[in-house]
Amino acid sequence: GLSLSRDGRFVWPSDRPRRTKAAIYGGLGWRSMLRDGLCDSDEWVLFSLNNFWGSSVDSEKRLRADIWWEFHQIHPDIIGPENGRQIQDRYDMEWLRTCPVPIYTVEPFPENPNAVVWPGDYYVDRCGGRRYIACTFAAQLMTLFVEGFTEIAVYGLELLNGTKREATIEASCVAYWLGYLEGKGV
């Protein structure tokens, strides 16, 4: 399947055509993706993130994610900004250590050989230099655009129903990138 080079660029399998459709999701969006057939289709590249490893499956309950995204600090001794608590619990950490698909992170994570630091500067430079990345979803949209995807499905990004930061800063950022992509014909 799809893999990532050590510098974070997509590496497409030589025996398959490059795919042009991709989907990202948040919260309960996976159910809709499953219902719409994306999880069982080889036409779609699927991004999953954070602690959704239990729901990122196809109709036969097999893992269905081409690239995993974990943009929180992933060291168990670091306390995250959300409510002054650690972001990942021990189950999330075990998942990150054993995740069988490529993982984008914001810091090195040598515990999993599939983990690669997301090359933000590379993607920002190719999106006009606009360094407006308030959340993982924004980075995903930038990445998909630069990597040549022409159809992007977005499921369950219910940021307006989330925390104050999600409803203001992150929702605005995602709206910006969706408009940017639409303006570019995606």
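1. Just after α4 comes Gly148, where phi is positive, at about 90°. Please keep in mind, here and below, that this is a predicted model.

2. Now step back to the whole fold. The protein chain is built from 5 helices and 8 strands. Read from the N terminus, the order is β-β-β-α-β-β-α-β-β-α-α-β-α. With a radius of gyration of 16 Å, close to the 16 Å that the globule rule gives for 186 residues, the protein chain is as compact as a globular protein of that length. The C-alpha trace spans about 40 × 35 × 35 Å along its principal axes.

3. How much of the protein chain counts as buried? The share is 46% of the 186 residues. As for how the chain meets itself, take the contacts with a separation of 6 or more: 54% of them are between residues 24 or more positions apart.

4. The accessible surface of the protein chain comes to about 9500 Å², and carbon and sulfur atoms hold 51% of that. There are 20 positive and 25 negative side chains, and the centres of these two sets are 3 Å apart.

5. Next, find Thr105 in strand β6, which runs over residues 103-105. Is Thr105 buried or exposed? Its relative accessible area is 2%, under the 20% cut-off, so Thr105 is buried. A polar atom of the Thr105 side chain lies 2.6 Å from the backbone oxygen of Glu107.

6. Finally, visit the loop between β4 (44-49) and β5 (67-70), where you will find Asn50. Phi of Asn50 is near 50°, a positive value in a residue other than glycine. Lys61 lies in the loop between β4 and β5 as well. Lys61 is not a glycine either, yet its phi is positive, at about 70°. What is the relative accessibility of Lys61? The value is 64%, over the 50% cut-off, so Lys61 counts as exposed. When you turn the model, compare this exposed lysine, Lys61, with Thr105, which is buried.

Technical notes: Residues are numbered from 1 along each chain as its sequence is written. This is a predicted model: local features need pLDDT of at least 70, side-chain atom pairs count only at pLDDT 80 or more; totals for chains, interfaces and linings use all residues. Side-chain values use heavy atoms; hydrogens and water are left out. Helices (H or I, at least four residues) and strands (E, at least two) are DSSP runs, numbered from the N terminus. The radius of gyration is taken over C-alpha atoms; the globule rule is 2.2 Å times the number of residues to the power 0.38. Buried means under 20% relative accessible area, exposed over 50%, partly exposed in between (1.4 Å probe, protein chains only). Contact means heavy atoms within 4.5 Å. Accessible areas come from the Shrake-Rupley method with a 1.4 Å probe; for residues, only the protein chains shown count as cover. Lys and Arg count as positive and Asp and Glu as negative; His and the chain ends are not counted. The place of a charge is taken as NZ of Lys, CZ of Arg, CG of Asp or CD of Glu. A polar contact is a pair of N or O atoms within 3.5 Å; within protein, one must be able to donate a hydrogen and the other to accept it, and residues adjacent in sequence count only if both atoms are side-chain atoms.
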